[in-house]
Amino acid sequence: MKAIIQRVTCAKVTVGDELVSSIGRGLCVLVGISSDDNASDVEWMARKLLNLRLFENPSTGKRWSESVVDLQLEMLCVSQFTLYHRLKGNRPDFSRAMQGPEAHQLYESLLQRMRNEYATERILDGRFGAMMQVHVVNDGPVTLEIESPVPSEYERQKLQRACERNTKSDKTVGRKVTDDGAEGTSGKVCKESESSS
């Protein structure tokens, strides 16, 4: 999972003539979801976005010392599948990006996690899958790119063993692991681990 983070004095998202969301001082975050992402990437990204120290302390003036949460600021998130691209000549290819409903579900889980850990009314977003216009007044300018870490080989093997146990357990009770819900996440990780080994 990847994010382009901009510190802003204000930002808004429109679709055509409709205002979808707007914030004052805070962060505007473009979020890209890759086909390999899962719940652990959501957890990592939510923690980073809420705790990044991109603001100065209003009392001391010390820079890079306060987070959105520390100052009770807002965050505007915008889904951005084009962050996971590769160039084929001069044409971008987006096959690395997670597709459709699965991406939407993971994106919504990121928003919900941050709302649960911070404040529902301070985490806003655009409109998933729509042709949006994003208006930003970058403060600084300050722009960062972060990406959730790729699991180590040890972590992949650990996940693979957990998947195998879950699969055996599902067969025992006569259920099939699908690509939906919590069981689907396990199945997806299994397939990722197998393909990388």
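Let's start with asparagine 57, which sits in the loop between H1 and helix H2 (68-71); helices (H or I, at least four residues) and strands (E, at least two) are DSSP runs, numbered from the N terminus. The model is predicted, with local features needing pLDDT of at least 70 and side-chain atom pairs counting only at pLDDT 80 or more, while totals for chains, interfaces and linings use all residues. Residues are numbered from 1 along each chain as its sequence is written, and side-chain values use heavy atoms, leaving out hydrogens and water.

Asparagine 57 is buried because its relative accessible area is 18%, where buried means under 20%, exposed over 50% and partly exposed in between (1.4 Å probe, protein chains only). Not counting residues up to four places away in sequence, asparagine 57 touches Lys62, Ser65 and Glu66; contact means heavy atoms within 4.5 Å. Its C-alpha lies 9.3 Å from that of aspartate 70, 13 residues apart along the chain.

Now step back to H1 (residues 39-51), whose 13 residues reach 19 Å from first C-alpha to last, close to the expected 18 Å; that expectation is 1.5 Å times one less than the number of residues. Buried residues in H1 include Trp44, Met45 and Leu49.

Met45 leads us to lysine 2, as the two are in contact. Lysine 2 belongs to strand S1 (residues 2-15) and, at 12% relative accessibility, counts as buried. Among its other contacts beyond four places in sequence are Leu30, Tyr84 and Glu145. The lysine 2 side chain also reaches the backbone oxygen of leucine 83 at 3.4 Å.

Definitions and conventions. A polar contact is a pair of N or O atoms within 3.5 Å; within protein, one must be able to donate a hydrogen and the other to accept it, and residues adjacent in sequence count only if both atoms are side-chain atoms.
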